[in-house]
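Biologist: Hi, could you walk me through this protein? I'd like to start with the overall fold and then look at the ligand.

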Amino acid sequence: MDIDLEKSLLLKHNRRSHSPLPPKHYLYTVNINKTSMSDKATHGFDTVCIRGGHTSESNRAHLTPIYASSTYVFDSAEQSMATFRGEEKGYIYGRWGNPTITEAEEKIALLEAYGLTGADGAPLQLKAILHASGMAAVTTMLLANVKAGQKIITHFSLYGGTHELIEKILPTLGVQAILVDFHNPTAVEEVLKTEKDIVLMYLETPANPTLQCVDLEVLSTLGKQYGLTVCVDNTFATPYLQQPFRYQVDYVMHSTTKFLNGHGTAIGGILLGRDVARMSTHVTKTHRLLGGNSNAFDAFLLVNGLRTFGLRMERHCSNAAQVADFLAAHPAVAKVNYLGLAHHPDHHIAMKQMRHAGAMMSFELKGGFDAGVQFINKLKMCTNAVSLGTCDTLLSHPASTTHIGVAREQRLQFGITDGLIRLSVGIENVADIIADLDQAMM
Ligand SMILES: Cc1ncc(COP(=O)(O)O)c(C=O)c1O
């Protein structure tokens, strides 16, 4: 598209969004394709989604095939020796990687670094390692960076699985987590001053399921001041909306199961690091030995999903803003929790560090628990399922599903009220989403 035309469309789009231009509109220098495009060409975000990380393949397949091979063959003993020594590039064993996995890793690394520069002013280089799940990526990151006797600092609003890992598994390995309110940097600093064994800060923003946001710039600066390794779970925002590496963090992880794959076809996780040398040695070794590797089929599905990632996010975001407005005006709805609405307690933090409020929200039905159950049963199009970030709109009623075993008092403390519905807005025509929600609330 003609750049001036693109800019004028952008201005139009920007008037409707909460924040600066989405990243697809930044033009930046990236290494898109080692073979068919120039290494130093200038490309947009969507072009990186489609072409980034792709290398041509010996049989001239258009797309990188599913490398369903557990091992790789050497021409000679000398070649295997050179490959094992790292003197010659090449694949060795499926647990250590394959070309389909490499394409997914390189594409996501380019997207997460998009438009950012390193200390030397050159485009930021990241190394990514694809895992079997988001939980496998967190595990590799934690075990590569924390050892017995050391502590981590984190906050209350984490994805439940991460919270349980930190609360139940880490103590058995001699690692203690200190949970602090990350909305209060003074309290965080007080802890950092007294607890000398803290080595790592772990943040999730926006958090699942509460959508709480914490200030990446403030917390990362504080963490770095006290010599900590800083890791951010960027699953809810994705690199389309938020790039934590902008704030000097060391690691970013994602559950690729969600928006990055976008079609709900594969579980996966990715760990990205700014220290490429450490990622390529110590962290790679940890990943290989823990065995939480991805596989060629899931990587293929992820690569395929990523090709439309920018386009999908644009539609997810614009649909979500319209759905939030509809819900906020609906008489059956007591409250809408959406980062784009000015009354959300973290609206300002979100707008400071995210390009748009995203596609996740929750809302409370006035009728409480029974209204929640009835609403779910009356849905005709939207899907009653946990997970998020897929093309289709997904809804769930936590009080009758994910939190059914949690005592009501405790559930209310987490903000999970009786009539709360969690909503991941899909990319269907927004009128159809709204019509379905409306008829289910009658
Ligand atoms: C924010 C967040 N982080 C991590 C995970 C774990 O990812 P996975 O289910 O792919 O292991 C999830 C899963 O829902 C999540 O929502």
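Modeller: Happy to! Among contacts between residues at least 6 apart in sequence, 69% join residues at least 24 apart; a contact means C-beta atoms, placed from the backbone, within 7 Å. This is a predicted model, where local features need pLDDT of at least 70 and side-chain atom pairs count only at pLDDT 80 or more, while totals for chains, interfaces and linings use all residues. Residues are numbered from 1 along each chain as its sequence is written.

Biologist: Thanks! How much of the protein is buried?

Modeller: Buried residues make up 46% of the 442 residues. Buried means that 20 or more other C-beta atoms, placed from the backbone, lie within 10 Å of the residue's own.

Biologist: Now the ligand. Which residues come nearest?

Modeller: Ser133, Gly134, Tyr159, Thr235 and Ser255 do, out of 15 residues around the ligand. Being near takes a C-beta atom, placed from the backbone, within 6 Å.

Biologist: And which helices supply residues to that shell?

Modeller: Helix 5 (134-145) and helix 6 (160-169) each give at least two. Helices are DSSP runs of H or I with at least four residues, strands are E runs of at least two, and both are numbered from the N terminus.

Biologist: Switching topic: in what order do the strands of the open sheet come?

Modeller: The order is 10-11-14-13-12, with mixed pairing; two strands pair if DSSP finds at least two bridges between them. Strand 10 (333-337) and strand 12 (383-384) are at the edges with a single partner strand each, so one side of each has no neighbour in the sheet.

Biologist: How does strand 12 pair with strand 13?

Modeller: They run parallel, over 2 bridges. Threonine 383 sits opposite leucine 394 in strand 13.

Terms used: Buried ≥ 20, exposed ≤ 12 C-beta atoms within 10 Å, placed from the backbone. Contact = placed C-beta atoms within 7 Å.
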